[in-house]
Each structure stands twice: as structure tokens, then as C-alpha cells.
Amino acid sequence: MLPIIRKTQRLRTYQSIWLPGERRIFEPYQVSKDLKAGCTDCGSTLHITDIVSKTNCGLGFFMYILCECGSMNAIKSGKVHHDASKFKTRPIFDINSKAAIAIYDTGLGEHKTNRFLADLNIPGISASSLAKREKEVSRSIKKVTDESLDRSLEEEKNASFSR
Ligand SMILES: [Zn+2]
């Protein structure tokens, strides 16, 4: 009797977490690796159908998965990094930084990007989150362009001396 109740509860939980037609971007390799790594308390393999809640972080999200032992485990939807310029920060999903680079690269802008995502039934990224990630990637882009400019100037200088 007990397993049937558990299965029903699990089904009800699973259906209430995800909306019909809702789509998400996730990294299958990372998620399956974290699920197989198991529960932080007992080490049992975790199952994506045991999700009880989720927290969105831009295009990334945390899935809170309940283990058989009763322990709650946070599984990330993909790879994360931390802000190197700050001592301690919350994990930053790589997908959000990559979105900022893609928006810069394509020139789409925040509004068109979110419309594109909405047409695909994928929750978008807020303007404030995107601004933070744009600030982050602009530092990297500036560093790369500065290095490239220095290299070009050095090559130009060397070429003029060898003439
Ligand atoms: Zn456990």
C-alpha cells in the first residue's frame, strides 16, 4: 500500500513542477553526472522524477530532488562558475554568460532574445541578470581585444623595422 501512495505523490509533485509544453535548456552530461554522483547524505543515485521544486537563475535552474533517505539535494541544470573578481559569490550558470556573449555577437538585444525564447516556451532571462552577465563578459572581451591590439601593434612595429 505504501509504495502506491508514494508513487502517486511523486507523480503529483512531478506534474506540478513542470508546466505542459514548458521547455528548458540543460546540459544532459552535467545533469546525469550529478544525478549519478548521488545524494549528499547517503550516496544513493538521484532520479529526476523525484524533483519537488526548482529555482530559476536566468536560463539556468536548480532542481531540488528528494532522496529516498529524506535528504534534499540541489542539482544544477548545467555547469557553473564564480565571479573571479569577488571573494565569494553565488554560482553563476555558464549558460547565462554564454547568452550575454551570444546577444553581443548577434546584436539581438535583451528584448528580442526574450521574445525568441518565449516563442520556444523557454523562460527568459531578466534584464538585470543579463546586465550583470554583460558586464562580466565585457571584461573578458576587452581583455581579448586589448591583447589582440597589442599583438597587432607589435607585429606592425616588427614589420616596419625589417623593411
Ligand atoms: Zn539520500
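What share of the contacts in the protein chain between residues at least 6 apart in sequence join residues at least 24 apart? The share is 55%, where a contact means that two C-beta atoms, placed from the backbone, lie within 7 Å.

## Ground rules

What you have here is a predicted model: local features need pLDDT of at least 70, side-chain atom pairs count only at pLDDT 80 or more, and totals for chains, interfaces and linings use all residues. Residues are numbered from 1 along each chain as its sequence is written.

## The whole chain

The protein chain has five helices and five strands. Starting at the N terminus, the elements go α-α-β-β-β-β-β-α-α-α. Helices (H or I, at least four residues) and strands (E, at least two) are DSSP runs, numbered from the N terminus.

As for dimensions, the C-alpha trace spans about 90 × 35 × 25 Å along its principal axes. The radius of gyration is 22 Å, while a compact globule of 163 residues would come out near 15 Å. That radius is taken over C-alpha atoms, and the globule rule is 2.2 Å times the number of residues to the power 0.38. Of the 163 residues, 13% count as buried. Here, buried takes 20 or more other C-beta atoms within 10 Å of a residue's own, exposed takes 12 or fewer, and partly exposed is in between, with C-beta atoms placed from the backbone.

## The sheet

Three strands form an open sheet in the order β1-β2-β3, with antiparallel pairing. β1 and β3 (72-76) sit at the edges with a single partner strand each, so one side of each has no neighbour in the sheet. From one strand to the next, the twist averages 20°. Strands pair if DSSP finds at least two bridges between them. β1 and β2 (residues 60-66) are joined by six bridges, and Lys54 stands opposite Met63 in β2. β2 and β3 pair over five bridges, with Leu66 opposite Met72 in β3.

The hairpin of β2 and β3 has five residues between the strands, and Gly70 there takes a positive phi near 95°. β3 itself has two faces: Asn73 and Ile75 make up the covered one, and Met72, Ala74 and Lys76 the uncovered one.

## A look at Thr55

Thr55 lies in strand β1 (residues 51-57). With 10 other C-beta atoms within 10 Å, Thr55 is exposed. Leaving out residues up to four places away in sequence, Thr55 touches Phe61 and Phe62. Thr55 and Lys76 are 21 residues apart in sequence, and their C-alpha atoms are 9.7 Å apart in space.

## Where α3 meets α5

Two packed helices are described by the angle between their axes and the distance between the axes. For helix α3 (residues 94-106) and helix α5 (residues 127-161), the axes come within 8 Å and cross at roughly 80°. The two helices are therefore roughly perpendicular to each other. On the α3 side the contact is made by Asn96, Ser97, Ala99, Ala100, Ile101 and Tyr104, and on the α5 side by Ser129, Leu130, Arg133, Glu134, Glu136 and Val137. By class, that contact has six nonpolar, three polar and three charged residues.

Some terms: axes are lines fitted to C-alpha atoms, for helices over the stretch in contact, and angles run from 0 to 180 degrees between N-to-C directions. Under 35 degrees counts as roughly parallel, over 145 as roughly antiparallel, 65 to 115 as roughly perpendicular and the rest as oblique. Ala, Val, Leu, Ile, Met, Phe, Trp, Tyr, Cys and Pro count as nonpolar, Asp, Glu, Lys and Arg as charged, and the others, Gly among them, as polar.
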